[in-house]
Structures are given as C-alpha cells and as structure tokens.
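This briefing is meant for a reader who is meeting the structure for the first time. Please view the sequence and the model together with the notes that follow.

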Amino acid sequence: MRKPLGIPGQRTVWPMIILFTLPAFLIYFRFLLLPIFQSIGVSFFTGSGMSPGEFAGLDNYRKLLTMNPYKTRFWNAFRNNLVFFGIVMVIQNGFGFFMAVLLTRPGKGIHTVRILTFLPTTLSVIVVGFLFNMMLNPTWGIFNELLSFLGLESLIRPWLGEPRTALTMISIAVSWQFLGESILFYAAGIDSINPEILEAGRIDGVNFLQEIRHIILPSLIPIVGIVTIMIFMGDFTQFDIVYAMTTTRGNPVYGTDIFGSLFYRAAFQSPARDGWGVGMGATVSTIMSLLVFLGVSLWLFFFHRQKKRFFLE
Amino acid sequence: MKKRIRVGGAGLLVLFLLTILGLSPLFAGGAKDTGGENTVTFTSWRTEDIQRMGQINARFMSENPGIKVVFSPISDQEYDAQVQASVMSGVGAEILFVRSYDPGKVFYDNGLLEPLNTLLPDLKNFPEAAKGAWSADGTIYAIPFVGVTHGVYYNKGIFRKHGLNPPETWDQFINVCRTLKEKGETVFAQGTQEGWPLYEVIFSGLGANFYGGEASRQKLLAGDLRLTDTPFVRAFEKVMELQPFFPAGYQAIDYVSMQQMFGTGNAAMFIGGSWEIGIFEDLGLGDDLGWFAPPVEKAGDRLQYCFHVDAGIGLSKGNSGNEAALSYLEWTASPEFAQLFMDQLPGFFAYTPGDYNLSNPVAAKMINAAQNADLTVRTVWQDLSAQVPSGNGLMEEALVLMYNGSITPRQAAEKVQKGLDSWYPAFK
C-alpha cells in the first residue's frame with residue numbers, strides 16, 4: 001500500500017502541499033508561462049513597432065518562411081546558428097572533455113589550473129565580446145600583431161569583417177568563455193568514477209586512449225548529454241555575444257546574424273532600422289522556441305537510445 | 001482554531017494571488033508617483049549627453065523652482081522599443097526625442113504622442129521643411145528641433161605637415177588622398193563593418209553632389225528617377241573611388257574604432273557627421289580639428305548639402321494637461337533652449353527661429369556652408385524606409401558589399417532598387 005504523504009500518524013496533507021506550492025506556481029505562471037503564451041498570441045497579429053495590430057492568423061508564419069526579405073533573413077539566421085552551434089560543440093564538448101581528462105590527472109598545480117579554467121565563465125558576455133573585439137581589431141589588435149610576430153603575415157585578415165571568419169570568431173569567443181563550464185561538468189564526472197575501476201584497468205594494461213574509450217567516456221555519457229543540451233539551448237537563444245561583437249545587425253552584412261539578433265531586430269527596431277513589427281518579432285521567437293524544444297526532444301530521444309546501446313555493448 | 005487558520009491562510013492566498021496577477025498595473029501606478037507632480041522626465045537616444053543636458057536643465061530649474069527635470073536617456077539601439085513599451089504601459093518619459101519621418105511617425109501612429117499644433121501655436125513659425133519631418137496630415141507631433149550635417153573632418157596638423165589645403169572639388173579631394181597615401185599616412189579612418197555610416201554619411205553626404213541633391217531625391221520619391229538611373233549610379237561610382245584610401249583591414253573596423261583612430265590623430269581624414277565634434281574634441285584633437293564641406297564636382301558648382309532632420313521633441317500621450325511637462329516643452333521650443341543646446345552640443349543645429357551665436361569654430365563652418373548650398377536630407381530616409389525592406393537597410397547592405405568588393409557600384413544600385421520595387425508604390 002502506498003504510504004500517504006505527510007507527517008506519520010496524521011491525515012494526508014494535500015491541501016497543505018497545494019497551499020505551499022501555489023505561491024511558487026503563481027509566480028512561475030505570472031512571470032514565465034503567461035508571457036510565453038502572450039508572446040505566442042502576439043505572433044498571430046500584425047503590428048508596427050510594439051503595438052499588435054489586427055488578427056492575422058498564420059500569415060506571419062507564412063511570410064517568415066516563404067516571403068522575401070523575411071525568409072532570406074530567417075534561413076540565413078538558421079544556417080548561421082547551426083554553424084555557430086557546430087563550432088561551439090566541437091570546442092566546448094570535444095576540447096572541454098579532453099581538457100577535463102588532463103586536468104583530473106594527478107600533478108602539481110592542477111587544482112589551480114582547474115579553478116583558472118572556470119574564471120572566464122564568471123565574466124559578463126559583453127566584457128568578453130569587448131575583449132575579443134579589441135584583440136581582433138585590424139588596427140591595434142594583438143591577434144594580427146601576434147601572427148605578424150610569428151611570421152604568419154599571410155594569415156592576417158579582417159577577422160570580424162568577413163562573414164565566415166566573423167562567425168567563427170564569435171563562436172570561439174563564446175566557447176572560450178564557457179569552456180570552463182564544460183570542464184567543470186566533465187571533471188566532476190571523472191572525479192566520481194570509482195578509482196578502483198581505473199586502477200583495475202591500468203593493472204590490466206589499458207593505455208591512455210583505451211582508458212578514455214572504455215572507462216571514462218561510458219561513465220560520462222549522461223554528462224555529455226547534459227552539456228550538449230545546455231550548449232544547444234544556449235546557442236539557439238544566444239544574443240549577447242552578437243550584440244557585443246557585431247551589433248544587432250549581425251555585421252558584416254548579416255554574416256553573424258543568428259536567431260537572437262534577428263528576433264531582437266525584428267521585434268524592437270523600427271522598419272527604417274530593419275524592424276518587422278512586434279507580430280513578426282513574436283513569430284521569430286515562437287519558431288526559435290519551437291526549434292529549441294524540438295531539438296532538445298530529439299536529442300533526448302536519440303541520446304536515450306544511444307546510451308542504452310553504449311551500455312549494452 | 002483550525003478553521004480560523006484555514007480561513008486566514010485562504011485569505012492570505014487570495015491576497016497573494018491578486019498581488020501577483022495585478023502586479024504590472026501596481027508597478028505602473030507606482031512609478032508615476034515616484035517623481036511627484038512636478039518631476040518631468042526627458043529622454044533621448046544620446047546617453048553621452050547626461051552631463052551636458054544636466055547643465056542645460058539646471059537653467060530651466062533655476063527659472064522654474066517648482067519643476068524638477070530628469071534627463072534619462074536610453075541607448076540608441078534600444079530607444080525605439082523601450083520608449084514604445086514604457087509610454088504604452090504608462091511609465092514612460094513625459095518629454096522625448098522623436099526621430100524624423102517614418103521612425104518617428106511610428107510613435108505617433110501608435111498613439112504615443114500628443115498633437116502639438118494647439119499646445120504650441122508658435123510652431124507655425126518653424127521652417128516648413130523641418131515641420132514636414134515631424135508631422136502627419138497637418139498634425140505636428142514633435143517640435144522640429146535639430147538637424148545635423150555631413151562632411152569631412154581633417155587633421156590640420158597632418159595636412160600642414162604635407163603642405164595640403166582642404167579641397168573644394170572632387171579632383172582636388174582625390175589628389176589630397178593620393179598625396180597622403182604616398183606620404184605613408186592613413187588617409188581615412190573609415191571602416192565598413194557597420195553599414196550605416198556608409199549610407200548616412202558617405203553616400204548621402206558626399207554622393208549628393210553627384211546624384212543631384214534635393215531635386216533628384218524628390219524625383220526619386222515621385223518615382224520619376226530610380227537608383228539605377230545615371231545620377232545615382234554615378235554617385236555610387238564616385239564614393240567608391242575613396243575605397244583604395246581606406247585603412248588596412250577596413251572591413252573589420254567598426255564605428256567606435258573609426259572615431260578613435262581619427263580622434264587620436266592616427267588618420268588624416270574622417271567622413272563624418274556634425275554630431276561628432278564633441279567626441280573629437282574630447283579625444284584631444286583640439287585646434288587640429290578641421291572640417292570641409294563635401295567636395296563639389298567642378299569649381300563653381302553649387303553644394304548639395306545633406307542637412308539632415310535629426311531630432312524632434314515630443315510630448316508623450318496623456319500629458320496634454322500636465323502643467324510641468326507643458327512648461328518644460330514650451331521652453332524646449334524657445335531660442336534660449338536652442339542656444340544652450342547648441343553651446344553644449346556643438347554640431348547640432350536648431351530649427352527654432354531666432355538669432356544664434358555659434359561659439360564653436362567647426363560648428364560655425366558647418367552652418368556657414370549651408371548659406372550657399374541646396375539643402376537635402378539622407379537619400380532614402382523619407383517614405384522609402386517606411387516598409388520592409390527599408391531603403392536604409394538596403395543601402396547599408398549594398399554599400400558594405402560594394403566597398404568589400406563583392407558587387408560593383410551598378411550592382412549596388414540595382415540591389416537597392418530591386419528591394420524598393422517590391423513595395424514602394426511609385427516604383428510598382
């Protein structure tokens with residue numbers, strides 16, 4: 001028989017549970033759920049500036065996906081967001097994992113290095129954007145100076161002036177800032193592996209790579225999933241770094257325009273400055289949320305299956 | 001006892017519910033009260049003006065002891081959205097800067113601004129052209145306050161060093177550029193990472209002399225000329241002639257870096273707007289700061305001068321009976337306010353009728369250039385940027401692509417025209 005909730009010997013306290021959770025739920029509803037529903041609602045209206053106009057049904061969605069210039073901007077932001085996500089994934093997930101493996105090896109000063117890797121995460125994105133802007137500046141930036149010092153003049157280019165390199169640079173800036181977060185997660189995972197398992201492996205003669213492949217990686221699979229979802233959600237709702245480094249226009253010529261900047265411009269700028277009105281802005285944000293929701297759901301679904309397979313092998 | 005606790009708990013819960021669900025209106029009401037009846041909030045998109053506006057408003061407050069004016073600007077990029085959201089929810093500033101033509105008209109169309117015709121009858125004395133930038137169907141929704149000009153700043157020290165004089169014609173201008181480049185100087189502190197300076201300052205400012213200024217702009221608005229017609233294509237071609245003189249890596253230089261480069265003496269020239277005088281003075285150029293008007297094609301040609309309508313001052317909705325706000329608004333339409341503003345912020349030129357003394361020599365040069373010129377505004381600002389894709393956005397994109405070598409000047413003109421063809425009635 002199920003044990004009733006509450007203090008032993010007393011009646012079920014469901015009314016009390018409701019009473020205590022209701023305030024939190026109300027705050028959650030008023031400040032999170034309701035605005036989301038309101039935003040979705042606004043996407044069904046026309047409107048210039050911040051005022052919703054007439055009911056337009058699904059017209060905003062049709063315009064966004066099929067009509068120029070909306071569709072060009074939308075698909076451009078989608079493509080840029082995928083590239084952005086891809087680069088961040090490689091650096092934060094791949095590089096972060098190997099850094100964590102190295103930083104969990106015994107060694108002098110390793111603990112300090114582990115702390116230092118987390119430092120950039122504590123900075124504001126605006127500060128990070130400003131720092132990278134300064135370093136990449138073609139006139140006084142240290143990056144081109146460094147290339148020149150190393151005799152690599154042929155590699156010097158206007159990093160934030162060409163769409164492809166600019167997108168790569170903002171991806172690197174974000175990855176640099178949040179690499180510490182991935183390392184923290186992976187290192188914590190590695191720390192929690194039973195040392196006896198690692199020791200047994202070593203006695204059996206596994207080398208470094210085999211240890212990673214057969215002991216560390218299988219133990220960290222759930223963390224890989226969490227880090228990937230965090231990167232995915234963070235990157236598909238990212239705005240700050242574009243705002244800080246290449247403005248809300250996603251300079252140069254929309255080369256770094258991602259969903260966050262497209263939504264901001266569409267919703268909050270006047271038509272003269274590339275704004276589409278609050279209705280279209282809400283449409284962009286609704287699709288953005290849908291994509292994140294779908295992406296996370298798909299990832300969880302496949303990840304769950306892969307995890308089972310991995311462990312069964 | 002238990003029942004009383006339950007009733008009390010339920011009561012508290014209902015109160016909590018009402019508070020949570022009704023929080024926004026409560027906040028809205030509260031914010032209005034915080035300043036008191038005689039506090040007037042004035043907002044603009046120029047966050048750099050806080051100190052200077054404070055000094056201007058101090059004069060008003062000393063003359064009107066019962067009114068406190070708070071200058072609370074919002075950053076340029078967020079201005080339109082924040083003003084609309086705050087005024088619509090009843091917590092916005094009473095007095096606000098309003099952009100000219102369509103971006104400002106959006107405020108009026110959304111019911112954010114009070115009509116001023118009857119509140120400020122003296123507006124009838126303001127220049128008609130300026131009033132046109134802040135009115136709809138005869139209703140003036142903002143005081144036509146200030147305009148800005150565009151031209152070329154130069155470093156007098158660098159020019160002196162190489163024995164150069166400010167050019168008057170385009171050929172002289174190109175020769176000056178060549179000489180400076182040969183002497184190893186950075187000719188222009190110009191970058192193309194951001195599109196708006198290319199369109200608003202370089203094309204509208206320097207290109208106007210080649211596309212025929214205001215006369216051609218009016219024909220463009222009427223659909224009698226297109227951007228693909230010779231005068232406009234020629235303007236694209238001429239401004240493109242400056243590209244070889246841009247600094248290394250110009251594609252990645254943003255607006256602030258451009259200003260820093262010129263303001264710190266690291267470039268000989270900067271094609272810019274009059275609003276930048278203060279910035280360059282603050283960066284330490286001092287007496288070395290020189291300026292010349294956009295070079296004309298041939299000696300003796302009349303200057304086509306982009307004297308753009310920049311900022312109007314509006315009264316937010318619901319304040320037509322607010323005595324303190326009205327009193328301040330009236331003052332902003334006076335020559336006293338205009339003179340103080342121009343003294344504190346050189347490079348802004350008031351439309352307010354009156355006799356003014358411009359103490360800043362660079363600002364005086366800019367206004368003098370207007371005496372023998374045909375005045376115009378930015379090429380596709382009026383009407384042509386009312387819808388998507390906006391003329392402004394199209395010009396910015398096309399000019400960045402042109403300067404970065406992806407398209408030719410003709411293709412740039414075609415790109416903008418194609419975008420406008422999709423919605424502008426006169427082109428359909």
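Three salt bridges are found across the interface of chain B and chain A, a salt bridge being a side-chain nitrogen of Lys or Arg within 4 Å of a carboxyl oxygen of Asp or Glu. The model is predicted, so local features need pLDDT of at least 70 and side-chain atom pairs count only at pLDDT 80 or more, while totals for chains, interfaces and linings use all residues. Residues are numbered from 1 along each chain as its sequence is written, chains are lettered from A and ligands numbered from 1 in the order in which they are written, and side-chain values use heavy atoms, with hydrogens and water left out.

**The interface between chain B and chain A**

- The contact (heavy atoms within 4.5 Å) takes 43 residues from chain B and 42 residues from chain A.
- The size of an interface is often given as the accessible area lost when the parts come together.
- About 3,600 Å² is buried between chain B and chain A, with carbon and sulfur atoms giving 60% of that area; buried area is the accessible area (1.4 Å probe) that two parts lose on being put together, summed over both.
- One salt bridge joins the side chains of B:Glu396 and A:Arg249, at 2.9 Å from N to O.
- Another salt bridge is formed by B:Asp76 and A:Arg273, whose closest N and O atoms are 3.2 Å apart.
- This pair crosses between chains, from B:Asp76 in helix α4 (residues 76-88) of chain B to A:Arg273 in the loop between α11 and α12 (278-312) of chain A; helices (H or I, at least four residues) and strands (E, at least two) are DSSP runs, numbered from the N terminus.
- B:Asp76 counts as partly exposed because its relative accessibility is 28%, and A:Arg273 is likewise partly exposed at 22%; buried means under 20% relative accessible area, exposed over 50%, and partly exposed in between (1.4 Å probe, protein chains only).

**A salt-bridge network and its surroundings**

- A:Arg249, A:Asp257, A:Arg265, A:Asp274 and B:Glu396 are linked in a network of salt bridges.
- A:Thr248 lies in the loop between α10 (240-246) and α11 (259-268) of chain A.
- A:Thr248 counts as buried because its relative accessible area is 3%.
- Not counting residues up to four places away in sequence, A:Thr248 touches A:Phe239, A:Tyr243, A:Asp257, A:Ser261, A:Tyr264, A:Arg265, A:Gln269 and B:Gln77.
- Over all chains, the count comes to 28 salt bridges.

**Chain A as a whole**

- Chain A has twelve helices and zero strands.
- Of its 313 residues, 43% count as buried.
- The C-alpha atoms of chain A fill a box of roughly 80 × 70 × 35 Å, taken along the principal axes.
- Among contacts in chain A between residues at least 6 apart in sequence, 66% join residues at least 24 apart.
- Chain A exposes about 16,900 Å², and carbon and sulfur atoms supply 71% of this area; accessible areas come from the Shrake-Rupley method with a 1.4 Å probe, and for residues only the protein chains shown count as cover.
- Chain A carries 23 positive and 16 negative side chains, and the centres of the two sets lie 9 Å apart.
- In that count Lys and Arg are positive and Asp and Glu negative, with His and the chain ends not counted; the place of a charge is taken as NZ of Lys, CZ of Arg, CG of Asp or CD of Glu.

**Selected features of chain B**

- Helix α9 (residues 196-206) of chain B is mostly covered, with ten of its eleven residues buried.
- The buried residues of α9(B) include B:Tyr199, B:Glu200 and B:Phe203.
- The side chains of B:Arg52 and B:Asp282 meet in a salt bridge at 3.9 Å, N to O.
- This pair links distant parts of the chain, 230 residues apart: B:Arg52 is in helix α3 (residues 50-63) of chain B and B:Asp282 in helix α14 (residues 277-282) of chain B.
- B:Arg52 is partly exposed, with a relative accessible area of 26%, whereas B:Asp282 is exposed at 60%.
- B:Gln260 is found in helix α13 (residues 255-263) of chain B and is partly exposed, with a relative accessible area of 32%.
- Not counting residues up to four places away in sequence, B:Gln260 touches A:Trp140 and B:Leu283.
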